[in-house]
Amino acid sequence: MKLFDPAMKFYKGNTHAHSTNSDGRVSPEESMRQYREAGYDFLALTDHWHVGEERNYNGLLVIPGVEYDFTFETQALHIVCLYPDAKCAAGIRRGMTHPEIIRHVNSVGGVVIAAHPAWSLNTPDFLSTLDGVDIAEVYNTVSGEPFNGPRANSEGILDVTAANGRLYNLVAADDAHFYHGEQCVSYIMVQAEALTVPAVLDALRKGRFYATQGPEFRNIEICGDEIIIETSPVSRITVCSNRYWVNDRCVQGEGLTRRVYKVQPGERFVRIRLTDAAGRCAWSNPIAIER
Ligand SMILES: [Zn+2]
Ligand SMILES: [Zn+2]
(Lines give C-alpha, C1' and ligand atoms only; values in the text may rest on other atoms or scores of the structure.)
(Ligands and ions follow the chains in the order given, each with its own letter.)
Protein backbone atom coordinates (compact mmCIF):
# COMPACT_ATOMS: atom_id res chain seq x y z
CA MET A 1 0.00 0.00 0.00
CA LYS A 2 1.36 3.40 -1.02
CA LEU A 3 0.58 6.33 1.25
CA PHE A 4 0.87 8.80 -1.64
CA ASP A 5 -0.41 8.45 -5.21
CA PRO A 6 2.54 8.84 -7.62
CA ALA A 7 0.19 10.38 -10.22
CA MET A 8 -1.11 13.13 -7.94
CA LYS A 9 0.30 16.60 -7.49
CA PHE A 10 1.42 17.91 -4.11
CA TYR A 11 0.34 21.40 -3.03
CA LYS A 12 2.49 23.42 -0.63
CA GLY A 13 0.77 25.30 2.17
CA ASN A 14 0.99 26.94 5.58
CA THR A 15 -2.02 26.31 7.80
CA HIS A 16 -1.23 28.86 10.53
CA ALA A 17 -0.37 32.57 10.19
CA HIS A 18 -1.42 35.87 11.74
CA SER A 19 -1.93 39.41 10.48
CA THR A 20 -2.97 42.79 11.83
CA ASN A 21 -6.48 41.32 12.16
CA SER A 22 -5.13 40.04 15.51
CA ASP A 23 -1.60 40.10 16.92
CA GLY A 24 0.37 39.76 13.67
CA ARG A 25 2.66 42.59 12.58
CA VAL A 26 1.81 42.75 8.87
CA SER A 27 -1.41 43.23 6.93
CA PRO A 28 -3.22 40.23 5.45
CA GLU A 29 -2.13 41.45 1.99
CA GLU A 30 1.54 41.54 3.01
CA SER A 31 1.33 38.05 4.51
CA MET A 32 -0.28 36.69 1.35
CA ARG A 33 2.28 38.47 -0.82
CA GLN A 34 5.20 36.91 1.05
CA TYR A 35 3.78 33.37 0.93
CA ARG A 36 2.84 33.74 -2.74
CA GLU A 37 6.37 34.93 -3.57
CA ALA A 38 7.85 31.98 -1.69
CA GLY A 39 5.99 29.61 -3.99
CA TYR A 40 3.18 28.50 -1.68
CA ASP A 41 -0.05 27.20 -3.22
CA PHE A 42 -2.23 27.88 -0.19
CA LEU A 43 -2.23 29.76 3.10
CA ALA A 44 -4.64 29.94 6.01
CA LEU A 45 -4.72 33.31 7.79
CA THR A 46 -5.71 32.18 11.27
CA ASP A 47 -6.05 35.30 13.38
CA HIS A 48 -7.22 34.90 16.97
CA TRP A 49 -11.03 34.80 17.06
CA HIS A 50 -11.13 36.45 13.62
CA VAL A 51 -12.13 34.32 10.64
CA GLY A 52 -10.41 35.15 7.37
CA GLU A 53 -12.42 35.01 4.14
CA GLU A 54 -11.59 32.67 1.27
CA ARG A 55 -9.52 34.50 -1.32
CA ASN A 56 -7.51 33.93 -4.42
CA TYR A 57 -4.43 36.14 -4.13
CA ASN A 58 -2.63 35.96 -7.50
CA GLY A 59 -3.08 32.18 -7.52
CA LEU A 60 -2.48 31.71 -3.79
CA LEU A 61 -5.54 29.97 -2.32
CA VAL A 62 -6.39 31.56 1.03
CA ILE A 63 -8.37 29.14 3.19
CA PRO A 64 -10.87 30.55 5.72
CA GLY A 65 -9.24 30.03 9.09
CA VAL A 66 -9.10 31.16 12.69
CA GLU A 67 -7.27 30.33 15.92
CA TYR A 68 -9.33 29.90 19.09
CA ASP A 69 -7.39 29.94 22.36
CA PHE A 70 -8.29 28.68 25.82
CA THR A 71 -6.35 28.99 29.07
CA PHE A 72 -6.40 26.39 31.84
CA GLU A 73 -4.52 26.19 35.10
CA THR A 74 -1.38 24.39 33.89
CA GLN A 75 -1.70 24.50 30.13
CA ALA A 76 -3.20 26.32 27.18
CA LEU A 77 -5.17 24.97 24.26
CA HIS A 78 -4.93 26.73 20.93
CA ILE A 79 -6.87 25.22 18.04
CA VAL A 80 -6.44 26.24 14.42
CA CYS A 81 -9.75 25.75 12.62
CA LEU A 82 -10.08 25.71 8.86
CA TYR A 83 -13.58 26.22 7.49
CA PRO A 84 -15.12 25.38 4.11
CA ASP A 85 -16.58 28.91 4.21
CA ALA A 86 -16.07 31.83 6.61
CA LYS A 87 -19.86 31.93 7.19
CA CYS A 88 -19.60 28.51 8.87
CA ALA A 89 -18.01 30.21 11.89
CA ALA A 90 -21.19 32.17 12.66
CA GLY A 91 -22.31 31.73 16.25
CA ILE A 92 -18.87 31.02 17.69
CA ARG A 93 -17.97 33.42 20.48
CA ARG A 94 -15.58 33.72 23.39
CA GLY A 95 -16.92 31.99 26.47
CA MET A 96 -17.90 28.81 24.63
CA THR A 97 -15.99 25.73 25.77
CA HIS A 98 -13.44 24.06 23.53
CA PRO A 99 -15.52 20.85 23.14
CA GLU A 100 -18.48 22.97 22.00
CA ILE A 101 -16.37 24.78 19.42
CA ILE A 102 -14.63 21.62 18.18
CA ARG A 103 -18.02 19.92 17.74
CA HIS A 104 -19.28 22.92 15.79
CA VAL A 105 -16.25 23.04 13.45
CA ASN A 106 -16.57 19.33 12.67
CA SER A 107 -20.34 19.61 12.17
CA VAL A 108 -19.89 22.22 9.41
CA GLY A 109 -17.17 20.24 7.60
CA GLY A 110 -14.18 22.09 9.02
CA VAL A 111 -10.84 20.74 10.19
CA VAL A 112 -9.38 21.27 13.68
CA ILE A 113 -5.63 21.27 14.36
CA ALA A 114 -4.10 21.25 17.85
CA ALA A 115 -1.55 24.06 17.63
CA HIS A 116 1.94 23.98 19.19
CA PRO A 117 1.32 21.33 21.94
CA ALA A 118 4.86 21.75 23.35
CA TRP A 119 4.56 25.54 23.62
CA SER A 120 1.13 25.11 25.26
CA LEU A 121 2.56 22.67 27.85
CA ASN A 122 -0.08 20.13 26.85
CA THR A 123 0.06 16.79 28.61
CA PRO A 124 -0.39 13.46 26.78
CA ASP A 125 -3.46 12.79 28.95
CA PHE A 126 -5.04 16.03 27.80
CA LEU A 127 -4.21 15.39 24.13
CA SER A 128 -5.52 11.81 24.41
CA THR A 129 -8.96 13.01 25.47
CA LEU A 130 -9.30 15.82 22.92
CA ASP A 131 -12.23 14.51 20.88
CA GLY A 132 -12.75 15.67 17.30
CA VAL A 133 -9.15 16.72 16.70
CA ASP A 134 -7.07 14.41 14.47
CA ILE A 135 -4.18 16.67 13.52
CA ALA A 136 -1.51 18.37 15.65
CA GLU A 137 1.39 20.67 14.84
CA VAL A 138 4.56 18.62 15.14
CA TYR A 139 6.55 21.80 14.50
CA ASN A 140 5.54 25.44 14.98
CA THR A 141 8.24 27.82 13.78
CA VAL A 142 7.43 30.86 15.92
CA SER A 143 7.44 28.76 19.12
CA GLY A 144 11.19 28.28 18.63
CA GLU A 145 14.17 30.54 19.18
CA PRO A 146 14.87 33.38 18.56
CA PHE A 147 11.19 34.23 18.22
CA ASN A 148 10.22 32.54 21.49
CA GLY A 149 11.57 29.81 23.80
CA PRO A 150 12.85 26.42 22.65
CA ARG A 151 9.47 24.72 22.26
CA ALA A 152 8.86 24.64 18.50
CA ASN A 153 9.09 20.87 18.34
CA SER A 154 6.25 18.72 19.69
CA GLU A 155 7.61 15.33 18.57
CA GLY A 156 8.34 14.12 22.11
CA ILE A 157 4.91 14.83 23.56
CA LEU A 158 3.14 13.51 20.46
CA ASP A 159 5.20 10.30 20.57
CA VAL A 160 4.21 9.77 24.21
CA THR A 161 0.59 10.44 23.25
CA ALA A 162 0.85 8.00 20.32
CA ALA A 163 2.53 5.33 22.44
CA ASN A 164 -0.50 5.59 24.72
CA GLY A 165 -2.84 4.88 21.84
CA ARG A 166 -3.80 8.24 20.37
CA LEU A 167 -2.28 8.94 16.96
CA TYR A 168 -2.37 12.48 15.63
CA ASN A 169 -1.51 13.26 12.03
CA LEU A 170 1.28 15.80 11.87
CA VAL A 171 1.46 19.22 10.25
CA ALA A 172 4.26 21.76 10.40
CA ALA A 173 3.32 25.43 10.33
CA ASP A 174 4.94 28.82 10.86
CA ASP A 175 2.36 30.56 13.07
CA ALA A 176 3.91 33.69 11.54
CA HIS A 177 3.46 36.83 13.68
CA PHE A 178 6.53 39.02 13.27
CA TYR A 179 7.59 38.21 9.70
CA HIS A 180 11.16 38.44 10.92
CA GLY A 181 12.35 35.10 9.61
CA GLU A 182 9.72 32.72 11.02
CA GLN A 183 7.54 32.99 7.91
CA CYS A 184 7.88 30.57 4.97
CA VAL A 185 9.86 27.97 6.97
CA SER A 186 7.62 25.02 8.00
CA TYR A 187 4.77 23.77 5.85
CA ILE A 188 2.79 20.81 4.57
CA MET A 189 2.71 19.11 1.20
CA VAL A 190 -0.84 17.97 0.49
CA GLN A 191 -2.09 15.55 -2.15
CA ALA A 192 -5.43 17.21 -2.87
CA GLU A 193 -7.61 16.45 -5.92
CA ALA A 194 -7.47 20.15 -6.82
CA LEU A 195 -6.37 23.47 -5.38
CA THR A 196 -9.73 24.31 -3.81
CA VAL A 197 -10.81 24.72 -0.19
CA PRO A 198 -13.01 21.57 -0.15
CA ALA A 199 -10.28 19.46 -1.79
CA VAL A 200 -7.55 20.63 0.61
CA LEU A 201 -9.78 20.08 3.65
CA ASP A 202 -10.72 16.62 2.35
CA ALA A 203 -7.03 15.68 1.91
CA LEU A 204 -6.27 16.95 5.44
CA ARG A 205 -9.10 14.84 6.85
CA LYS A 206 -7.81 11.77 4.99
CA GLY A 207 -4.20 12.30 6.11
CA ARG A 208 -2.88 12.70 2.56
CA PHE A 209 -0.02 15.04 3.47
CA TYR A 210 3.35 15.29 5.16
CA ALA A 211 5.03 18.04 7.15
CA THR A 212 8.36 19.52 6.08
CA GLN A 213 10.87 22.35 6.02
CA GLY A 214 12.34 21.22 2.69
CA PRO A 215 13.08 17.46 2.47
CA GLU A 216 10.57 15.57 0.32
CA PHE A 217 8.92 12.20 0.74
CA ARG A 218 8.73 10.67 -2.74
CA ASN A 219 7.17 7.39 -1.65
CA ILE A 220 6.15 5.62 1.54
CA GLU A 221 4.99 2.09 0.84
CA ILE A 222 3.92 -0.62 3.24
CA CYS A 223 4.72 -4.13 1.97
CA GLY A 224 3.96 -6.75 4.62
CA ASP A 225 6.26 -5.97 7.53
CA GLU A 226 8.50 -3.68 5.48
CA ILE A 227 8.19 0.04 4.95
CA ILE A 228 9.86 1.37 1.80
CA ILE A 229 10.86 5.01 2.16
CA GLU A 230 12.01 7.09 -0.84
CA THR A 231 13.03 10.71 -0.43
CA SER A 232 14.85 13.68 -1.90
CA PRO A 233 18.57 13.52 -0.94
CA VAL A 234 18.83 13.70 2.87
CA SER A 235 21.44 13.08 5.58
CA ARG A 236 19.28 11.07 7.96
CA ILE A 237 16.25 8.81 7.71
CA THR A 238 14.95 8.06 11.19
CA VAL A 239 12.08 5.78 12.13
CA CYS A 240 10.33 6.56 15.43
CA SER A 241 7.79 4.32 17.15
CA ASN A 242 6.35 3.32 20.52
CA ARG A 243 9.43 1.16 21.17
CA TYR A 244 12.09 3.07 23.05
CA TRP A 245 14.92 1.01 21.61
CA VAL A 246 15.31 -0.44 18.13
CA ASN A 247 18.51 -1.15 16.23
CA ASP A 248 19.39 1.34 13.51
CA ARG A 249 16.56 3.72 14.30
CA CYS A 250 18.57 6.43 12.55
CA VAL A 251 20.41 5.77 9.30
CA GLN A 252 22.88 8.50 8.43
CA GLY A 253 24.83 9.23 5.26
CA GLU A 254 25.36 11.65 2.43
CA GLY A 255 22.60 12.02 -0.15
CA LEU A 256 20.43 9.18 1.14
CA THR A 257 17.29 8.67 -0.98
CA ARG A 258 15.97 5.27 0.09
CA ARG A 259 15.57 3.10 3.12
CA VAL A 260 13.69 -0.12 3.77
CA TYR A 261 12.61 -0.46 7.40
CA LYS A 262 11.50 -3.77 8.87
CA VAL A 263 8.75 -3.26 11.42
CA GLN A 264 9.93 -4.63 14.79
CA PRO A 265 7.97 -6.86 17.17
CA GLY A 266 5.83 -4.77 19.51
CA GLU A 267 5.66 -1.73 17.27
CA ARG A 268 2.13 -0.37 17.19
CA PHE A 269 2.95 2.72 15.17
CA VAL A 270 5.92 4.04 13.25
CA ARG A 271 6.62 7.44 11.79
CA ILE A 272 9.45 8.68 9.62
CA ARG A 273 11.59 11.74 10.12
CA LEU A 274 14.03 13.10 7.53
CA THR A 275 16.87 15.56 8.07
CA ASP A 276 18.76 17.17 5.21
CA ALA A 277 22.33 18.50 5.13
CA ALA A 278 21.10 21.95 6.20
CA GLY A 279 19.33 20.51 9.27
CA ARG A 280 15.84 20.97 7.87
CA CYS A 281 13.37 18.20 8.77
CA ALA A 282 10.34 16.43 7.34
CA TRP A 283 7.83 14.35 9.28
CA SER A 284 5.48 11.67 8.00
CA ASN A 285 2.16 10.97 9.61
CA PRO A 286 2.25 8.05 12.05
CA ILE A 287 1.42 4.71 10.46
CA ALA A 288 -0.66 2.40 12.65
CA ILE A 289 0.74 -1.13 12.52
CA GLU A 290 -2.01 -3.69 12.14
CA ARG A 291 -1.17 -7.29 12.93
ZN1 LIG B 1 -1.36 29.80 19.30
ZN1 LIG C 1 -1.16 31.32 16.15
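Helices (H or I, at least four residues) and strands (E, at least two) are DSSP runs that are numbered from the N terminus. The model is predicted, and local features need pLDDT of at least 70, side-chain atom pairs count only at pLDDT 80 or more, and totals for chains, interfaces and linings use all residues. Residues are numbered from 1 along each chain as its sequence is written, chains are lettered from A and ligands numbered from 1 in the order in which they are written, and side-chain values use heavy atoms, with hydrogens and water left out.

The metal sites come first. Donors are N, O and S atoms within 2.8 Å of the metal (3.2 Å for Na, K and Ca); water is not among the atoms, so sites may look incomplete. Glu-67 in strand β4 and His-78 in strand β5 (residues 76–82) are 11 residues apart, and the pair links distant parts of the chain. Both Glu-67 and His-78 are buried, where buried means under 20% relative accessible area, exposed over 50%, and partly exposed in between (1.4 Å probe, protein chains only).

The zinc ion (ligand 2) is coordinated by His-16 (NE2), His-18 (NE2), Glu-67 (OE) and Asp-175 (OD), at 2.0 to 2.2 Å. The angles among the four donor atoms of the zinc ion (ligand 2) run from 79 to 172°, and the site is irregular. Four donors count as tetrahedral if all angles lie between 85 and 135 degrees; four count as square planar and six as octahedral if opposite donors are over 155 degrees apart and all others between 65 and 115; anything else is irregular. In sequence, the donor residues of the zinc ion (ligand 2) show the spacing H-x1-H-x48-E-x107-D. Glu-67 lies in strand β4 (residues 60–71) and Asp-175 in the loop between β8 (169–173) and β9 (187–190), so this pair ties together parts that are 108 residues apart in sequence. Asp-175, like Glu-67, is buried.

Several loops hold backbone features. In the loop between β3 (55–57) and β4 lies Asn-58, which has a positive phi of about 50° although it is not a glycine. Asn-58 counts as exposed, at 62% relative accessibility. Leu-121, in the loop between β6 (111–114) and α3 (124–128), is a residue other than glycine with a positive phi, near 60°. Leu-121 is partly exposed, with a relative accessible area of 47%. In the loop between β7 (135–140) and α4 (155–163) is Pro-146, and the peptide bond from Glu-145 to Pro-146 is cis, with omega near 0°.

Beyond α4, the loop between α4 and β8 contains Gly-165, which is exposed at a relative accessible area of 63%. Gly-165 and Phe-269 are 104 residues apart in sequence, and their C-alpha atoms are 9.1 Å apart in space.

Phe-269 is also among the residues that line the largest cavity, together with Leu-158, Asp-159, Ala-162, Leu-167, Tyr-168, Leu-170, Arg-271 and Pro-286. On a 1 Å grid over the protein atoms alone, a cavity is a set of points where a 1.4 Å probe fits but cannot get out, and a pocket is an open set with protein on both sides within 12 Å along at least five of seven lines; lining residues have an atom within 4 Å of a point. A search of the whole structure finds one cavity of 30 Å³ or more, and the largest cavity has a volume of about 50 Å³. α4 and β14 (269–275) each supply at least two residues of its lining, and α4 gives the largest share, three residues. Domain 1 (11–212) and domain 2 (217–288) both give residues to this lining, so the largest cavity lies between them.

The largest pocket has a volume of about 450 Å³. Of the 22 residues that line the largest pocket, Met-1, Leu-3, Ile-222, Ile-287 and Ala-288 are the closest to its centre.

Technical notes:
Grid points are joined across faces, edges and corners, and a volume is the space filled by probe spheres set on the points. Domain bounds come from an automatic or database domain assignment.
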